[in-house]
Amino acid sequence: MQPPAQTRVFASLLDDVRESRPPQARQGTADPAFYTDERWFQAEQRKLFADTPLVVGHVSMLPNSGDHIVHDHSGKPILLVRGKDQKIRAFLNVCRHRGVRLSNADKVENRTTFVCPYHNWIYDLDGSLHKIPLKDECFDELDKDCLGLTELPLTILEGLILVSGTPTGSAALPNGMAELKEDFRAFGLAEHTFFRQSVTTKDANWKLIIEAFLDGYHVVRLHRKTVGPLFLDCVAKSERKGDNIISVVARQEFSDALSLPEQDWDLRHHASCAFFLYPNTTLIVHPDYISYLTLFPQSASKTVCVHGCLIPEPPQDEKAAAHWERAYSIIENGVFQAEDLFVCEQAQIGMRSGANEKLLFGTYESSIIDFHQILAEQLGPYQAQSG
Ligand code: FES
Ligand SMILES: [Fe+2]
(Lines give C-alpha, C1' and ligand atoms only; values in the text may rest on other atoms or scores of the structure.)
(Ligands and ions follow the chains in the order given, each with its own letter.)
Protein backbone atom coordinates (compact mmCIF):
# COMPACT_ATOMS: atom_id res chain seq x y z
CA MET A 1 0.00 0.00 0.00
CA GLN A 2 1.15 3.51 -0.76
CA PRO A 3 2.32 5.09 2.50
CA PRO A 4 0.47 8.21 3.57
CA ALA A 5 1.79 11.20 1.70
CA GLN A 6 3.13 12.80 4.87
CA THR A 7 5.43 9.79 5.42
CA ARG A 8 6.64 10.06 1.85
CA VAL A 9 7.45 13.75 2.30
CA PHE A 10 9.17 13.00 5.61
CA ALA A 11 11.26 10.23 3.96
CA SER A 12 12.24 12.53 1.16
CA LEU A 13 13.31 15.22 3.65
CA LEU A 14 15.43 12.64 5.51
CA ASP A 15 17.10 11.71 2.20
CA ASP A 16 17.79 15.36 1.44
CA VAL A 17 19.51 15.78 4.80
CA ARG A 18 21.43 12.47 4.55
CA GLU A 19 22.74 13.34 1.10
CA SER A 20 23.19 17.05 1.89
CA ARG A 21 20.93 17.74 -1.07
CA PRO A 22 20.16 21.44 -1.32
CA PRO A 23 16.49 22.35 -1.36
CA GLN A 24 14.87 22.73 -4.71
CA ALA A 25 15.61 26.39 -5.40
CA ARG A 26 12.37 28.02 -6.34
CA GLN A 27 11.86 31.70 -5.78
CA GLY A 28 9.06 34.01 -6.78
CA THR A 29 7.24 37.29 -6.38
CA ALA A 30 3.70 38.58 -5.96
CA ASP A 31 1.99 41.85 -6.66
CA PRO A 32 0.82 43.57 -3.44
CA ALA A 33 -2.50 44.25 -5.20
CA PHE A 34 -3.20 40.52 -4.84
CA TYR A 35 -3.70 41.28 -1.14
CA THR A 36 -5.31 44.72 -1.27
CA ASP A 37 -7.48 44.96 -4.38
CA GLU A 38 -11.19 44.42 -3.69
CA ARG A 39 -11.60 43.10 -7.24
CA TRP A 40 -9.42 40.16 -6.28
CA PHE A 41 -11.62 39.66 -3.24
CA GLN A 42 -14.73 39.57 -5.44
CA ALA A 43 -13.13 37.14 -7.88
CA GLU A 44 -12.01 34.87 -5.03
CA GLN A 45 -15.48 34.85 -3.50
CA ARG A 46 -16.96 33.81 -6.84
CA LYS A 47 -14.37 31.34 -8.03
CA LEU A 48 -12.79 29.89 -4.86
CA PHE A 49 -15.42 30.07 -2.15
CA ALA A 50 -19.01 30.21 -3.42
CA ASP A 51 -19.51 26.57 -4.42
CA THR A 52 -16.68 24.93 -2.50
CA PRO A 53 -17.24 22.79 0.60
CA LEU A 54 -15.48 24.66 3.45
CA VAL A 55 -14.43 23.27 6.83
CA VAL A 56 -16.97 24.39 9.45
CA GLY A 57 -16.05 22.10 12.34
CA HIS A 58 -15.61 18.52 13.53
CA VAL A 59 -18.35 15.95 14.16
CA SER A 60 -17.42 15.80 17.86
CA MET A 61 -18.70 19.39 18.29
CA LEU A 62 -22.22 17.97 18.07
CA PRO A 63 -22.13 14.69 20.01
CA ASN A 64 -25.89 14.40 20.80
CA SER A 65 -29.13 14.52 18.88
CA GLY A 66 -30.41 18.12 18.98
CA ASP A 67 -26.94 19.65 19.38
CA HIS A 68 -26.58 22.59 17.03
CA ILE A 69 -24.43 25.62 16.32
CA VAL A 70 -24.59 28.49 13.85
CA HIS A 71 -21.82 29.45 11.45
CA ASP A 72 -22.08 32.87 9.81
CA HIS A 73 -18.53 33.55 8.68
CA SER A 74 -18.80 32.32 5.09
CA GLY A 75 -21.40 34.96 4.22
CA LYS A 76 -24.25 32.44 4.41
CA PRO A 77 -26.17 31.88 7.67
CA ILE A 78 -25.49 28.19 8.28
CA LEU A 79 -27.15 26.06 10.96
CA LEU A 80 -25.41 22.77 11.77
CA VAL A 81 -27.50 20.23 13.65
CA ARG A 82 -27.33 16.56 14.64
CA GLY A 83 -30.69 14.88 13.99
CA LYS A 84 -32.60 12.18 15.87
CA ASP A 85 -31.09 9.74 13.35
CA GLN A 86 -27.60 10.96 14.48
CA LYS A 87 -26.94 12.42 11.05
CA ILE A 88 -25.35 15.88 10.93
CA ARG A 89 -27.03 18.24 8.48
CA ALA A 90 -26.48 21.84 7.42
CA PHE A 91 -29.35 24.22 6.69
CA LEU A 92 -29.75 27.87 5.89
CA ASN A 93 -30.66 29.35 9.27
CA VAL A 94 -33.69 31.04 7.77
CA CYS A 95 -37.38 30.55 8.51
CA ARG A 96 -39.37 29.70 5.39
CA HIS A 97 -42.21 32.03 6.41
CA ARG A 98 -40.59 35.47 6.42
CA GLY A 99 -36.92 34.78 6.85
CA VAL A 100 -36.15 35.17 10.57
CA ARG A 101 -33.12 33.37 12.06
CA LEU A 102 -34.03 30.21 13.88
CA SER A 103 -31.00 29.99 16.14
CA ASN A 104 -28.28 32.30 17.39
CA ALA A 105 -26.24 29.56 19.06
CA ASP A 106 -22.64 30.64 18.52
CA LYS A 107 -21.70 27.91 21.01
CA VAL A 108 -23.23 24.44 20.94
CA GLU A 109 -26.78 24.31 22.37
CA ASN A 110 -29.37 21.54 22.44
CA ARG A 111 -33.00 21.59 21.30
CA THR A 112 -35.61 19.08 20.25
CA THR A 113 -37.13 21.42 17.63
CA PHE A 114 -36.47 24.87 16.18
CA VAL A 115 -39.26 27.34 16.91
CA CYS A 116 -39.13 30.57 14.94
CA PRO A 117 -39.49 33.44 17.43
CA TYR A 118 -41.65 35.56 15.10
CA HIS A 119 -44.81 33.49 14.43
CA ASN A 120 -43.69 30.20 15.95
CA TRP A 121 -43.40 27.99 12.91
CA ILE A 122 -41.79 24.80 14.23
CA TYR A 123 -39.12 22.76 12.43
CA ASP A 124 -37.88 19.27 13.30
CA LEU A 125 -34.18 18.51 13.65
CA ASP A 126 -34.14 17.07 10.12
CA GLY A 127 -35.30 20.46 8.80
CA SER A 128 -38.87 19.44 8.00
CA LEU A 129 -41.61 21.92 8.85
CA HIS A 130 -43.56 20.35 11.70
CA LYS A 131 -46.22 22.91 12.55
CA ILE A 132 -47.70 26.23 11.36
CA PRO A 133 -49.86 27.94 14.01
CA LEU A 134 -53.42 28.60 12.72
CA LYS A 135 -52.47 27.04 9.43
CA ASP A 136 -55.97 26.48 8.06
CA GLU A 137 -57.05 30.05 8.83
CA CYS A 138 -53.89 31.73 7.59
CA PHE A 139 -52.70 29.70 4.60
CA ASP A 140 -55.37 27.88 2.57
CA GLU A 141 -53.20 26.30 -0.02
CA LEU A 142 -49.86 25.92 1.69
CA ASP A 143 -48.18 22.49 1.57
CA LYS A 144 -45.95 22.44 4.62
CA ASP A 145 -44.08 19.41 3.29
CA CYS A 146 -42.54 21.73 0.70
CA LEU A 147 -41.36 24.27 3.26
CA GLY A 148 -38.64 22.47 5.13
CA LEU A 149 -35.43 24.35 5.85
CA THR A 150 -33.12 24.76 2.88
CA GLU A 151 -30.48 22.06 3.17
CA LEU A 152 -26.86 22.70 2.16
CA PRO A 153 -24.49 20.09 0.71
CA LEU A 154 -22.41 18.57 3.52
CA THR A 155 -19.53 16.11 3.45
CA ILE A 156 -17.63 14.55 6.32
CA LEU A 157 -13.95 13.76 5.83
CA GLU A 158 -12.45 11.81 8.74
CA GLY A 159 -14.51 13.85 11.21
CA LEU A 160 -14.09 17.23 9.53
CA ILE A 161 -17.41 18.76 8.49
CA LEU A 162 -17.35 20.58 5.16
CA VAL A 163 -20.33 22.58 3.94
CA SER A 164 -20.98 24.38 0.68
CA GLY A 165 -22.98 27.61 1.00
CA THR A 166 -24.88 27.02 -2.24
CA PRO A 167 -27.97 24.78 -1.81
CA THR A 168 -27.69 23.48 -5.35
CA GLY A 169 -23.89 23.19 -5.13
CA SER A 170 -21.84 20.05 -4.91
CA ALA A 171 -20.76 18.23 -1.79
CA ALA A 172 -17.78 16.81 -3.71
CA LEU A 173 -14.51 17.50 -1.94
CA PRO A 174 -11.97 19.82 -3.58
CA ASN A 175 -9.48 18.23 -5.95
CA GLY A 176 -7.15 15.80 -4.13
CA MET A 177 -8.63 16.23 -0.64
CA ALA A 178 -10.24 12.78 -0.45
CA GLU A 179 -6.80 11.29 -1.12
CA LEU A 180 -5.59 12.73 2.20
CA LYS A 181 -7.92 10.35 4.05
CA GLU A 182 -5.13 7.88 4.84
CA ASP A 183 -2.94 10.71 6.14
CA PHE A 184 -5.71 11.90 8.44
CA ARG A 185 -6.35 8.32 9.58
CA ALA A 186 -2.68 7.92 10.44
CA PHE A 187 -3.11 10.41 13.26
CA GLY A 188 -6.71 9.51 14.19
CA LEU A 189 -8.43 12.72 13.11
CA ALA A 190 -11.90 11.15 13.16
CA GLU A 191 -11.49 9.92 16.74
CA HIS A 192 -10.39 13.27 18.14
CA THR A 193 -12.67 15.36 20.37
CA PHE A 194 -13.52 19.00 19.87
CA PHE A 195 -12.18 21.00 22.83
CA ARG A 196 -12.22 24.71 22.10
CA GLN A 197 -12.37 27.19 19.25
CA SER A 198 -11.77 30.91 18.99
CA VAL A 199 -13.17 33.29 16.39
CA THR A 200 -11.21 36.50 15.80
CA THR A 201 -11.30 39.13 13.07
CA LYS A 202 -7.97 40.31 11.69
CA ASP A 203 -7.09 43.31 9.52
CA ALA A 204 -5.20 41.18 7.04
CA ASN A 205 -5.83 39.51 3.73
CA TRP A 206 -6.65 35.82 4.20
CA LYS A 207 -3.85 34.71 1.86
CA LEU A 208 -1.21 36.31 4.06
CA ILE A 209 -2.43 34.11 6.91
CA ILE A 210 -2.40 30.92 4.83
CA GLU A 211 1.11 31.85 3.70
CA ALA A 212 2.34 32.20 7.29
CA PHE A 213 1.70 28.47 7.65
CA LEU A 214 3.46 27.57 4.38
CA ASP A 215 6.64 29.44 5.29
CA GLY A 216 9.62 27.50 6.66
CA TYR A 217 11.80 30.60 6.73
CA HIS A 218 10.17 32.38 9.67
CA VAL A 219 9.75 29.57 12.19
CA VAL A 220 12.93 29.93 14.28
CA ARG A 221 12.99 33.71 13.77
CA LEU A 222 9.48 35.04 14.41
CA HIS A 223 8.83 32.33 17.00
CA ARG A 224 12.23 32.51 18.71
CA LYS A 225 10.66 33.17 22.13
CA THR A 226 7.94 30.52 21.83
CA VAL A 227 8.00 27.41 19.62
CA GLY A 228 10.95 28.39 17.38
CA PRO A 229 13.60 26.58 19.47
CA LEU A 230 11.67 23.30 18.99
CA PHE A 231 12.46 23.30 15.25
CA LEU A 232 15.50 23.02 12.99
CA ASP A 233 16.09 26.06 10.85
CA CYS A 234 14.66 25.72 7.35
CA VAL A 235 14.62 21.93 7.28
CA ALA A 236 11.22 21.46 5.71
CA LYS A 237 9.59 19.98 2.66
CA SER A 238 6.20 20.12 1.04
CA GLU A 239 4.24 18.35 -1.67
CA ARG A 240 1.20 19.39 -3.60
CA LYS A 241 -1.70 16.93 -3.54
CA GLY A 242 -4.30 18.12 -6.02
CA ASP A 243 -5.21 21.58 -4.79
CA ASN A 244 -3.91 20.88 -1.28
CA ILE A 245 -0.39 21.01 0.16
CA ILE A 246 1.26 18.72 2.71
CA SER A 247 4.18 20.24 4.65
CA VAL A 248 6.62 18.56 6.99
CA VAL A 249 8.84 20.76 9.19
CA ALA A 250 11.72 19.11 11.09
CA ARG A 251 11.65 19.36 14.86
CA GLN A 252 14.89 19.22 16.88
CA GLU A 253 14.36 15.44 17.26
CA PHE A 254 14.46 15.01 13.47
CA SER A 255 18.13 14.00 13.49
CA ASP A 256 17.29 10.94 15.64
CA ALA A 257 15.16 9.62 12.78
CA LEU A 258 18.16 9.58 10.42
CA SER A 259 19.37 6.34 11.96
CA LEU A 260 15.97 4.74 12.60
CA PRO A 261 14.11 2.25 10.38
CA GLU A 262 10.87 3.55 8.89
CA GLN A 263 8.67 1.67 11.37
CA ASP A 264 10.24 3.70 14.19
CA TRP A 265 9.66 7.11 12.65
CA ASP A 266 7.25 9.19 14.69
CA LEU A 267 6.05 12.02 12.53
CA ARG A 268 4.60 13.92 15.52
CA HIS A 269 7.86 13.67 17.47
CA HIS A 270 10.45 14.04 14.74
CA ALA A 271 8.54 16.62 12.73
CA SER A 272 5.45 18.76 12.56
CA CYS A 273 3.00 18.09 9.72
CA ALA A 274 0.56 20.62 8.35
CA PHE A 275 -1.98 20.42 5.56
CA PHE A 276 -3.24 23.30 3.47
CA LEU A 277 -6.77 22.24 2.55
CA TYR A 278 -8.15 24.12 -0.43
CA PRO A 279 -9.17 26.87 -0.32
CA ASN A 280 -8.99 28.27 3.22
CA THR A 281 -7.96 25.79 5.93
CA THR A 282 -4.67 24.86 7.54
CA LEU A 283 -4.69 21.69 9.63
CA ILE A 284 -1.72 21.43 11.99
CA VAL A 285 -0.68 18.24 13.71
CA HIS A 286 0.95 19.16 17.03
CA PRO A 287 2.74 16.49 19.07
CA ASP A 288 -0.35 15.82 21.20
CA TYR A 289 -3.33 17.51 19.56
CA ILE A 290 -4.60 18.91 16.26
CA SER A 291 -5.48 22.49 15.32
CA TYR A 292 -7.47 23.73 12.37
CA LEU A 293 -7.37 27.33 11.28
CA THR A 294 -10.07 28.21 8.77
CA LEU A 295 -10.15 31.66 7.21
CA PHE A 296 -13.23 33.48 5.99
CA PRO A 297 -12.40 36.61 3.99
CA GLN A 298 -14.78 39.52 4.67
CA SER A 299 -12.97 41.95 2.34
CA ALA A 300 -9.50 42.23 0.80
CA SER A 301 -8.14 43.37 4.16
CA LYS A 302 -10.39 41.72 6.73
CA THR A 303 -10.52 38.03 7.66
CA VAL A 304 -12.42 36.00 10.23
CA CYS A 305 -10.13 33.33 11.68
CA VAL A 306 -11.61 30.24 13.31
CA HIS A 307 -9.00 28.31 15.28
CA GLY A 308 -10.27 24.99 16.63
CA CYS A 309 -8.53 22.54 18.93
CA LEU A 310 -9.12 18.78 18.68
CA ILE A 311 -7.75 16.59 21.48
CA PRO A 312 -7.22 12.82 21.54
CA GLU A 313 -9.98 12.10 24.10
CA PRO A 314 -12.39 14.06 26.30
CA PRO A 315 -10.64 15.39 29.44
CA GLN A 316 -11.32 12.96 32.29
CA ASP A 317 -10.94 15.49 35.12
CA GLU A 318 -10.22 19.14 35.89
CA LYS A 319 -6.49 18.59 35.80
CA ALA A 320 -6.68 17.20 32.27
CA ALA A 321 -8.98 20.05 31.19
CA ALA A 322 -6.53 22.60 32.62
CA HIS A 323 -3.69 20.91 30.75
CA TRP A 324 -5.50 21.22 27.41
CA GLU A 325 -6.57 24.77 28.21
CA ARG A 326 -2.92 25.67 28.72
CA ALA A 327 -1.75 23.82 25.60
CA TYR A 328 -4.41 25.55 23.49
CA SER A 329 -3.70 28.97 24.96
CA ILE A 330 0.04 28.73 24.26
CA ILE A 331 -0.64 28.17 20.57
CA GLU A 332 -3.73 30.40 20.17
CA ASN A 333 -2.53 33.40 22.20
CA GLY A 334 1.23 33.05 22.41
CA VAL A 335 1.98 31.85 18.88
CA PHE A 336 -0.92 32.47 16.47
CA GLN A 337 -2.34 35.75 17.77
CA ALA A 338 0.81 37.39 19.15
CA GLU A 339 3.18 36.26 16.42
CA ASP A 340 1.75 34.83 13.15
CA LEU A 341 -1.44 36.90 12.95
CA PHE A 342 0.34 39.96 14.33
CA VAL A 343 2.87 40.01 11.48
CA CYS A 344 0.10 39.40 8.93
CA GLU A 345 -1.67 42.57 10.12
CA GLN A 346 1.63 44.45 10.01
CA ALA A 347 2.28 43.22 6.46
CA GLN A 348 -1.18 44.34 5.36
CA ILE A 349 -0.38 47.88 6.51
CA GLY A 350 2.96 47.72 4.71
CA MET A 351 1.30 46.50 1.53
CA ARG A 352 -1.03 49.51 1.40
CA SER A 353 1.93 51.90 1.75
CA GLY A 354 3.14 51.29 -1.79
CA ALA A 355 6.72 50.77 -0.56
CA ASN A 356 7.06 47.44 -2.34
CA GLU A 357 6.31 46.95 -6.00
CA LYS A 358 6.44 43.25 -5.39
CA LEU A 359 6.71 40.78 -2.53
CA LEU A 360 9.65 38.38 -2.60
CA PHE A 361 9.52 34.66 -1.83
CA GLY A 362 12.84 32.88 -1.27
CA THR A 363 13.84 29.23 -1.39
CA TYR A 364 12.35 28.38 2.01
CA GLU A 365 9.03 30.04 1.15
CA SER A 366 8.50 28.03 -2.01
CA SER A 367 5.29 26.35 -0.77
CA ILE A 368 3.74 29.79 -1.12
CA ILE A 369 4.55 29.64 -4.83
CA ASP A 370 2.58 26.35 -4.98
CA PHE A 371 -0.31 28.03 -3.16
CA HIS A 372 -0.30 30.89 -5.68
CA GLN A 373 -0.22 28.41 -8.53
CA ILE A 374 -3.27 26.62 -7.12
CA LEU A 375 -5.13 29.93 -6.86
CA ALA A 376 -4.03 31.07 -10.31
CA GLU A 377 -5.45 27.87 -11.82
CA GLN A 378 -8.88 28.91 -10.50
CA LEU A 379 -8.65 32.68 -10.78
CA GLY A 380 -6.47 33.26 -13.81
CA PRO A 381 -3.40 35.47 -13.34
CA TYR A 382 -4.04 39.10 -12.44
CA GLN A 383 -7.58 38.92 -13.72
CA ALA A 384 -8.89 41.23 -11.01
CA GLN A 385 -6.42 43.97 -11.86
CA SER A 386 -7.24 44.00 -15.53
CA GLY A 387 -10.98 44.01 -14.76
S1 FES B 1 -40.85 34.46 10.17
FE2 FES B 1 -40.66 32.57 11.11
S3 FES B 1 -42.64 32.09 11.74
FE4 FES B 1 -42.87 33.96 10.72
FE1 LIG C 1 4.40 30.72 12.34
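**Note on the predicted model**

1. P279 is found in the loop between β16 and β17 (281–285). A cis peptide bond joins this proline to Y278, with omega about 0 degrees. The model is a predicted one, and that applies to every point below.

2. T52 touches both Y278 and P279. T52 has its place in the loop between α3 (38–49) and β2 (54–58). Is T52 buried or exposed? T52 is buried, since its relative accessible area is 12% and the cut-off for buried is under 20%. A polar atom of the T52 side chain lies 2.6 Å from the backbone oxygen of L48.

3. The metal site comes next. Which protein atoms are the donors of the iron ion (ligand 2)? They are NE2 of H218, NE2 of H223 and OD of D340, lying 2.1 Å from the ion. Along the chain, the donors follow the spacing H-x4-H-x116-D. Both histidines are buried: H218 has a relative accessible area of 15%, and H223 has a relative accessibility of 3%.

4. R240 takes part in a salt bridge with D243 and in another with E377. For D243 and R240 the N to O distance is 3.2 Å. For R240 and E377 the closest N and O atoms are 2.7 Å apart. The accessibility values are as follows. D243 is buried, at 6% relative accessibility. R240 is partly exposed, with a relative accessible area of 29%. E377 is partly exposed as well, with a relative accessible area of 43%.

5. Salt bridges can also be followed through several residues. A network of them links D16, E19, R21 and K237.

6. The aromatic pairs come to 13. Among them is the pair of F187 and F275, with ring centres 5.9 Å apart and 45 degrees between the planes, which makes the pair tilted. Why does this pair tie together separate parts of the sequence? F187 lies in the loop between α5 (181–186) and β13, and F275 lies in strand β16 (residues 271–277), so the pair joins parts that are 88 residues apart in sequence. Both partners are buried: F187 has a relative accessible area of 7%, and F275 has one of 0%.

7. Rings also form a cluster. Ring pairs link F49, W206, F276 and F371 into it.

8. Two charged side chains sit over aromatic rings. K207 lies over the face of F34, at 4.2 Å from the ring centre. The charged end of R251 sits over the ring of F231, and the distance to the centre of that ring is 5.1 Å.

9. Backbone angles deserve a look at two residues. Q86 has a positive phi, near 75 degrees, and Q86 is a residue other than glycine. Q86 lies in the loop between β4 (78–82) and β5 (88–92), and Q86 is partly exposed, with a relative accessible area of 40%. C234 has a positive phi too, about 60 degrees, although C234 is not a glycine. Where does C234 lie? The residue lies in strand β14. At 13% relative accessibility, C234 counts as buried, whereas Q86 is partly exposed.

How values were computed: Residues numbered from 1 in each chain as written. Chains lettered and ligands numbered in written order. Predicted model: local features only at pLDDT ≥ 70, side-chain atom pairs only at ≥ 80, totals over all residues. Heavy atoms only, no water. Donors = N, O, S within 2.8 Å, 3.2 Å for Na, K, Ca; no water. Buried < 20%, exposed > 50% of the residue type's maximum accessible area, 1.4 Å probe, protein only. Salt bridge = Lys/Arg side-chain N within 4 Å of Asp/Glu carboxyl O. Phe/Tyr/Trp six-rings, centres within 6.5 Å; stacked < 30°, edge-to-face > 60°. Helix = DSSP H or I, 4+ residues; strand = E, 2+ residues; numbered from the N terminus. Lys NZ or Arg CZ within 6 Å of the ring centre and 35° of its normal. Polar contact = N/O pair within 3.5 Å; in protein donor to acceptor, adjacent residues only side chain to side chain. Contact = heavy atoms within 4.5 Å. Lists of a residue's contacts leave out its neighbours within four places in sequence.
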